[in-house]
Each structure stands twice: as C-alpha cells, then as structure tokens.
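This is a short tour to follow with the structure open in a viewer. Each stop says what to select and what is found there.

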Amino acid sequence: MFAPMDSWENVNMTNKEQLKISSLTGFLHGFESYRWLWVATAVALLAAIPAFVDTSWVSLLCEVLILTVAASGLNLLIGYTGMISFGPAGLYAVGAYSMAVLIVKVGAPFGLAFIAGPVAATAVSLVIGWFCVRRTAVYFALLTLAFSQLIHTIFFKWYGLTGGDDGIVEILVPEFLFSIENYYYFALACTIVSLLVMWLIVNSPFGKALQVIRENRGRAEFIGINVRKYQLIIFTIQGFFLGVAGSLLCGFNHNVFPPIANWTESIHIIIACLLGGMFHFFGPFIGSIAFILLDRVVTNCTEYSSLVLGIIVVLLVLFFRGGIAGVFSEKLSDGRH
Amino acid sequence: MQLLSGLSGGMLIYLIAVGLSLIFGTLRVLNLAHGAIYMLGAYLCVWLTSSFEQIPGMFWWAVLIGPILVALFGGLVEVVLLRRIYGWHFMYQFIITFGLILIISDLVRLLWGDGFHSINYPWPLKGAIKVAGGTFPLYNLFLVMAGVSIFFGLQALLHYTKLGKVIRGVTYNREIMSVLGENVPGIYTVVFMLGCWLGGLGGALATPLVTVTLGMDITVIIQSFIVVVIGGLGSLGGAFIGALILGLLDSFGIIFLPQLAIAFGFILMAAVLIVRPYGLMGKREYD
C-alpha cells in the first residue's frame, strides 16, 4: 500500500472521474512496485545535488527539508488520522526555542540541545493534546490554533527568557555544521530518519487504527479502539516531529524569532501538506518543494506577497484539492475497487 | 472602574463572537476571516473619520456607514466564494477563509499602509462621570449600553420577525425551508452579511479604545474563539455570557496577576473543557 485507503476527500466522485482514474491505475501499479527504487533514486539525487548547484540553492533545499519534516509530521494528524490541526507552528517554535535557550542561556552542547527541541515539543504537545482531543472537528482545530497563539504570545512577551521581539541570535553550532553543504547533509540525514520512523508508524497496526479513526470514528470506537487515547498519542508524536523540524530550523538559521510561532507559519506548513497531497506519504515532501519555490517566486515578484499567496490558496482549494501527489495516487485505491 | 472596562471590553468581544457564532450556526462555516472583517471595520471607521473631519460628528456617521460597507463586502465574498464551499469538509472551509485573511489583510495594507492609527473619544462622549469616588469614562458606558441593546435587538430579530423565524428555520433544517419556498441561498447571504455587519460594527466601535494597526485581527479572533468554545458555537446567548466572563476576567486579572494576564482566557477555556466539554450553553456535537 502506497497511499492510505480511500479518503473522505472524494465521496462525490462521478463515473467519468472514476474512468479517468482507472486508466491511470496501470501506470500507477508500475510506480507502486518500484517504490523503493524511486525512493532510493530520490535520496541519491538529493545527496548528489550539492555537487552541482551553488550555495543559495542548497540553502533553499535545506528549507525544503525542514518544511518536509514539519509537514510530514502534521500529515500524521491531518492525512492519516483526519484531525485538522491549525497550530503546528506553536510546537515547531517550542522545538526551536528550546534548543536556542539551552545553547545560548545554559551553554549546553549542540547534540544535547538538538535533542531537547523534540523532547520539549513532545512534552508540550502532550499537555496541549490532552485538552484538544476532548473536542472534535471544528473545535479541535480552533483549540490547536488558540494554543499555538498562546505559545506565540508567551515567546513574544517573556522577555527574560526569549528576548521577545529581538529573538535569540548568535546560536553557536559545531564547526563542521558551519558550511551550508554540511548542514544540508545533516538535515538530510535527520529528514530521512524521521520519514523512516513515520513510515513505520503509519504502516504499523497503530497507524492502521488511526486510519480507521479517520474513516469512521464511531465504528473505530465500536471495534474497541480508544479513540481519544490514540488521538492523544498521535498528537504527541506529531509534536515530536515538529520539534525535530524546529531544532533543524534553529541550527540552520542560528537564530530564532517569535514569528516562527505565528499562525502564518502554521498555514505554510498546512499549505505544504495540501499542495503535495495529504493522502500520500510523500505528499508533504513534494508540497514542501512546491511551496518553497512558489513562495520565493511570489516574494521576489511582488511586495504584496500574502495577497498573491492568499489568492493561490483559495484557488488551490477550489480547484486542486488532491494536491500534486493526489493527482497520481490518492485515487489509486478507488480505481482498484 | 475595572468592572466597567471589563464589561465594555466584553461587549466588543461579544460583537465579534456573536457574528462568528451566528454565521457558524446557520451556514455551518467557521469564518476564520471574521477577525479580518473586524479589522476592515476599524480601518474604514478611522479612514472615514479622518478624511471627512470637517463634518461634525463624523465618527458616528463612520460607525453607521463603515459596517454597512463591510457587510456589502461580506455579501460579495459570500456570493463569489463561500457559496461554492457549503457542505465541504470543514478543513477546506478553514483553509479558504484562512486565504481570505491573507487577502484582506494585504488589501488593507495596500489601501491604508502599515502605520498605526488611533482616534480620540468622539463627541459627546469625551469625558467621564464621577460617581461614588470612581471615574467612569462615558464611552465605556456607552459601549456597555450598545452591547446590551445589540444583544436584545438580535434576540428580538431572531424571535419576533419574519426574517428571524426564517433564519431559525433554515438553521434547523434547510431542506424543509427550501421546500416551503424560502430562498435559502438568499437567507445565507443575509446571515453572512449580518455577521459581517456585527464584526464591522465591533471594529468601528473599538477604534477609540485600541490602536488600529495590521495584526489587530489575530488577538480578537483568538479571543472570540475562546468565547465560542466557552459559550458553545452557534449559541448567541452563550456568546454573550462567554464574552462577559472573558472581558471581566481580563480586566480584573490584570490587577491581581499582571504576568498571567494573557493566559487567563486560556485557563478559563481549559477549565470549561474539563467541566463541560461542549461549552456552557452548547449542545453536544455529533461528528
């Protein structure tokens, strides 16, 4: 199985659409059976790229990798469990800030501080998650957004610890991570390990249970799944991966500022999921590439980038809901029926 | 004094939250852009007031006209955009309204720049009255009265007019109302415009008290989220009570525990979630 089972996305598929999809299926089956080959090729390509392009592109790729970890983590919630979280940026920032504070204020070694990011984010998401999973659907989304903004406000106002508006700057990283190329390989390794762990999670019995919850919460409860507990566990797990992304970001930028906790950042992560296709394991990766490129182009072209971005988001949702990967494989399972 | 400032702050939040709640109750769309609507109302009010300064009492004209412009804008958004997405999974509705926030706030920046604006207390509510040793700013007293009248006005509108009965009917069962010959999409537009009018009014009335600037929407929308979580989405009475509690908590909290001021709403929300997960006045939700 490459993509999760058929999703709540296309309940209203017409026959014509289904026909179109079955003609795609032959091609996709070929794609499926060579899955690991594709993944290996992609990894090899990513590893080889720094040899051929200049530093600014490598730095762009670093951002793609960081966004990939964050968006894939969020996708565990949105795509696999059907819980729409609107506050990933808060947890992401907890990771980044924990690492920054430990290095700058405490003087902790890089490795320890780097691990502290995900650990802190996991702890915070456990607490937030405990409240959030008490409500479902719209309320859940509201609560995640509200808590994320609370985190943003705390980082903004707690001057003594976080430096408020000035952020934390001059975060020291070990010498071998100074060059962008080396940091890129470090980020690549972290991304691959994270994605591997996520892959194992979504394909474990636990991961399948999450997909049952997404498809039908009532039935999931009926077959004895403790829905709230599962939701809390996956919320905490996504917090961990958002923390990894936060640590990576902190090490990449050598500074942290409150806007990384703001809801605009949340929406970037969500758009990366949506753009790539959230019912596909590698959707967030593809979406991250597309989003970073799009963002660069838009920011370079106009001063009013969020206007353009907003219009793109609206059009995207109106006409292109499956995302890039969705065009290929999200409908695969429907074609198989 | 704290009581009054809490009550008047609560009334402002009420105006935003009730619009949010009303729209959600009828249209089943949670409009994240409601804060941006509020901001639009505030900017329009400041702009109208400062560009026509020579007209006496311009502020009140701006309070009258601004929200109507906002409502017209809301009607446009409803017809062009929201009408396409009713009944979709709420995540897409969320993302579309999120896109709207980006669009509206950049439009505001395009039109009015990213400076800070503020206006004075309008005539004739400049002063304060002294009663029993405390000073009570007239404008805050006015806000409390305005909030209460809007609350009763809305209740009367929904319960005693033909339009209100149709709105409640559509909220209850849109198919049956449609079969009965009511123009359901038209009612949706009207409700959305009413919600936007309330949001715009909140923005306009807030201008003498707050600094009008980009990003003012986010604070307000988070506060109204807290209110609707406390009160229950779709419940207008819940919005009123929730807003009052939040307003009072904010203004008293800031005296006793200023460091924790920002967290009070969240603590309250957390407490409500533990005790009554579906809100004080809300009904159990089904999914």
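Begin by selecting helix 2 and helix 8 of chain B, where helix 2 passes helix 8 in a right-handed crossing. The model is a predicted one. The axes of the two helices, helix 2 of chain B and helix 8 (residues 184-206) of chain B, come within 7 Å and cross at roughly 50 degrees. That angle is why helix 2 of chain B is described as oblique to helix 8 of chain B.

Now show the side chains at this crossing. From helix 2 of chain B, the contact is made by His34(B), Ile37(B), Tyr38(B), Met39(B), Leu40(B), Gly41(B), Ala42(B) and Cys45(B). From helix 8 of chain B come Cys196(B), Gly199(B), Gly200(B), Leu201(B), Gly202(B), Gly203(B), Ala204(B) and Ala206(B). Which classes do the residues of this contact divide into? In the contact of helix 2 with helix 8 of chain B, 10 residues are nonpolar, 6 are polar and none is charged.

**The whole of chain B**

Select chain B next and colour it by secondary structure. Its secondary structure consists of 11 helices and 2 strands. Followed from the N terminus, the elements run α-α-α-α-β-β-α-α-α-α-α-α-α. The radius of gyration of chain B is 19 Å, close to the 19 Å that the globule rule gives for 287 residues, so chain B is as compact as a globular protein of that length. Along the principal axes, the C-alpha atoms of chain B fill a box of roughly 60 × 50 × 35 Å.

How much of chain B is buried? Of its 287 residues, 49% count as buried. For contacts in chain B with a separation of 6 or more, 76% are accounted for by residues 24 or more positions apart.

**A loop residue in chain B**

Stay in chain B and select Arg28(B). Arg28(B) sits in the loop between helix 1 (2-27) and helix 2 (34-51) of chain B. Its phi is positive, about 55 degrees, although Arg28(B) is not a glycine. Most residues other than glycine have a negative phi.

**Across to chain A**

Display both chains and look at where they meet. The contact takes 35 residues from chain A and 32 residues from chain B. On the side of chain A that touches chain B, helix 6 (137-157), helix 12 and helix 14 (305-319) of chain A each supply at least two residues. Which helix of chain A gives the most to this side? Helix 6 of chain A does, with 12 residues. Colour the side of chain A that touches chain B by class: there are 25 nonpolar, 5 polar and 5 charged residues.

Chain A has 16 helices and 0 strands. Buried residues make up 48% of the 337 residues in chain A. Among contacts in chain A between residues at least 6 apart in sequence, 80% join residues at least 24 apart.

**Last stop**

Finish at His254(A). This residue is in the loop between helix 11 (227-253) and helix 12 (263-276) of chain A. Phi of His254(A) is near 65 degrees, a positive value in a residue other than glycine. With 16 other C-beta atoms within 10 Å, His254(A) is partly exposed.

Technical notes: Residues numbered from 1 in each chain as written. Chains lettered and ligands numbered in written order. Predicted model: local features only at pLDDT ≥ 70, side-chain atom pairs only at ≥ 80, totals over all residues. Helix = DSSP H or I, 4+ residues; strand = E, 2+ residues; numbered from the N terminus. Buried ≥ 20, exposed ≤ 12 C-beta atoms within 10 Å, placed from the backbone. Contact = placed C-beta atoms within 7 Å. Nonpolar A, V, L, I, M, F, W, Y, C, P; charged D, E, K, R; others polar. Axes fitted to C-alpha atoms, helices over the stretch in contact; angles between N-to-C directions. Parallel < 35°, antiparallel > 145°, perpendicular 65-115°, else oblique. Left-handed = near helix turned anticlockwise from the far one by under 90°. Rg over C-alpha atoms; globule rule 2.2 N^0.38 Å.
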